[in-house]
Amino acid sequence: MTRPPVVTGIGVIAPNGLGTEEYWAATCAGVGGIRRVTRFDVTPYPSRLAGEVFGFEASTHLPSRLLPQTDHMTRLALVAADRALADANVGRETHSAFDMGVVTASSAGGFEFGQRELERLWSLGSGYVSAYQSFAWFYAVNTGQISIRHGLKGPSGVLVTDQAGGLDAIAQARRQLRKGSKLIVCGGVDGAICPWGWVALMASGRLSTSEDPTAAYLPFDARAAGHVPAEGGAILVLEDAETARERGAPKVYGEIAGYAATFDPRPGNGRGSGLRRAIENALSEAGLEGTDVDVVFADAAAMPSLDRVESDAIAAVFGERAVPVTAPKTMIGRMYAGAAAVDVATALLAIRDGVIPPTTNVRPAPHHPIQVVGEQRRAPVRVAVVIARGHGGFNSVLVVRAPPTGSAPREEPAELG
Amino acid sequence: MSDKTIGLAELRRILRESAGTELGVDLDGEILDTTFDDLGYDSLAVMETASRITREYGVSIDDEALGTATTPRRLLDLANPD
């Protein structure tokens with residue numbers, strides 16, 4: 001069997017950090033980014049908190065040609081991709097354009113752009129709708145724009161599986177590498193913090209109505225009552241391990257060692273969730289046992305029944321309170337298609353620096369048989385499991401492992417607060 | 001039909017608003033006979049520009065004719081019939 005693919009570049013944009021290291025430092029320190037919505041007047045809505053990316057001025061990061069044709073979340077995705085490729089030291093000359101592709105996850109497409117143009121359609125007429133509406137609100141728009149901007153013409157696509165998408169996109173990238181591509185830019189950046197996006201999210205019945213940023217998103221807590229939506233995500237550069245070594249990739253963050261996805265049965269038919277099976281299958285593919293795992297990044301839905309399914313599955317596979325479980329997304333909210341890609345980036349940084357970032361604000365309820373990490377913990381991390389679940393029954397699990405020794409110079413761990 | 005004449009200055013403004021400016025392109029230079037392609041504008045950018053001209057000046061530009069408007073001069077010809 002060939003070696004698993006490796007992650008050689010990371011670009012994170014999150015409400016508590018515009019940039020990978022900014023995000024990581026804030027996350028290790030437990031600094032949150034949840035606040036009252038500022039992107040539109042949220043007063044008339046029952047849910048009023050969000051994780052917004054602050055201080056993002058698109059025109060300082062992107063050429064003016066791209067601004068009229070991009071939704072806010074696409075601009076975030078383009079900047080995350082710029083940073084991931086720079087981190088990996090990858091450019092147009094690295095490989096033939098057809099050996100490099102893009103696979104991203106999406107949950108809604110460019111909703112804010114779409115809302116604006118649909119409002120113009122019904123209030124002013126079709127002549128007032130931007131020609132760029134033809135693609136700017138599509139699910140695949142981030143993949144397309146990243147592909148065009150960086151000249152990546154290899155196998156590309158988009159995965160739409162809600163919050164599981166961030167993992168499914170990485171898995172799809174892995175499939176393309178197995179078929180012969182040399183490098184795939186993958187992950188997810190998402191965000192629909194506009195009135196239309198907001199009511200669509202409210203329809204799930206899973207949004208918190210708390211006005212207190214420290215009490216609005218409390219997975220595995222007896223007070224759990226929904227989540228806070230967020231914008232942002234992560235873009236990763238995934239490469240065949242041998243190719244990365246040959247080209248002298250400056251960093252190897254880790255391997256994508258295993259993956260599995262399952263689908264929950266129809267509610268009420270008596271069969272349980274497929275989550276446990278997804279965790280077991282992902283570990284099995286990685287050739288690892290539960291005892292090899294140093295940390296689990298939970299999906300952390302913060303709906304009591306969903307939390308229960310997740311904590312039961314974790315306890316069933318790893319033993320009761322046997323493995324550290326963390327949900328750094330408690331600091332920033334749920335990013336839908338962007339969330340799991342951020343969790344994978346976070347897991348890779350945890351491996352790099354030997355730090356497990358905390359789950360904030362949560363007082364774990366005793367009926368959840370898991371060990372929730374409430375404070376930053378220094379511990380060697382070699383293997384991390386990332387869980388992501390999407391609305392409608394998607395379960396995806398990814399296993400991330402420390403880079404094989406000698407694959408690249410390891411950076412000195414940063415000092416963290 | 002509109003009685004307003006649409007000149008290069010108006011076209012430059014509308015191009016900037018509807019499609020931005022390609023890096024390395026001087027839109028204020030001699031661009032009348034430079035192709036939109038060389039100016040960094042694809043067909044969608046030209047379409048959006050034509051749509052704004054229609055909105056602002058009330059000149060309707062035929063879709064088929066727009067396909068032949070490969071330079072600012074040709075687009076201005078379409079925008080200023082007769």
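This is a predicted model: local features need pLDDT of at least 70, side-chain atom pairs count only at pLDDT 80 or more; totals for chains, interfaces and linings use all residues.

1. A compact globule of 82 residues would have a radius of gyration near 12 Å, and chain B has 12 Å, so the two agree. Along its principal axes, the C-alpha atoms of chain B fill a box of roughly 35 × 25 × 20 Å.

2. What does the secondary structure of chain B come to? There are four helices and zero strands, and the order of elements from the N terminus is α-α-α-α.

3. Two further values for chain B may be handy as you look at the fold. Of its 82 residues, 27% count as buried. Taking contacts between residues at least 6 apart in sequence, 57% join residues at least 24 apart.

4. Next, the place where the two chains meet. Chain A gives 11 residues to this contact and chain B gives 13 residues. On the side of chain A that touches chain B, there are seven nonpolar, three polar and one charged residues.

5. Chain A itself splits into domain 1, covering 6-247, and domain 2, covering 257-401. Their C-alpha centres lie 21 Å apart. The contact between them takes 56 residues from domain 1 of chain A and 54 residues from domain 2 of chain A.

6. Which elements of domain 1 of chain A each supply at least two residues of the side that touches domain 2? They are strands E1 (6-14), E4 (49-51), E7 (183-190) and E8 (232-239), together with helices H1 (20-28) and H7 (165-178). The largest share of that side, seven residues, comes from H7(A). By class, the residues on this side of domain 1 of chain A divide into 28 nonpolar, 21 polar and seven charged.

7. H7(A) deserves a look of its own, in its packing with helix H12 (residues 339-353) of chain A. The two axes are 5 Å apart and the helices pack at an angle of about 70°. Angles of 65 to 115 degrees count as roughly perpendicular, which is why H7(A) is described as roughly perpendicular to H12(A).

8. To see that helix pair residue by residue, display A:Gly166, A:Leu167 and A:Ile170 from H7(A), which meet A:Ala339, A:Ala340, A:Ala341 and A:Val344 from H12(A). The contact of H7(A) with H12(A) has six nonpolar residues, one polar residue and no charged residues.

Methods:
Residues are numbered from 1 along each chain as its sequence is written. Chains are lettered from A and ligands numbered from 1 in the order in which they are written. Two residues are in contact if their C-beta atoms, placed from the backbone, lie within 7 Å. Ala, Val, Leu, Ile, Met, Phe, Trp, Tyr, Cys and Pro count as nonpolar, Asp, Glu, Lys and Arg as charged, and the others, Gly among them, as polar. Domain bounds come from an automatic or database domain assignment. Axes are lines fitted to C-alpha atoms, for helices over the stretch in contact, and angles run from 0 to 180 degrees between N-to-C directions. Angles under 35 degrees count as roughly parallel, over 145 as roughly antiparallel, 65 to 115 as roughly perpendicular and the rest as oblique. The radius of gyration is taken over C-alpha atoms; the globule rule is 2.2 Å times the number of residues to the power 0.38. A residue is buried if 20 or more other C-beta atoms lie within 10 Å of its own, exposed if 12 or fewer, and partly exposed in between; C-beta atoms are placed from the backbone.
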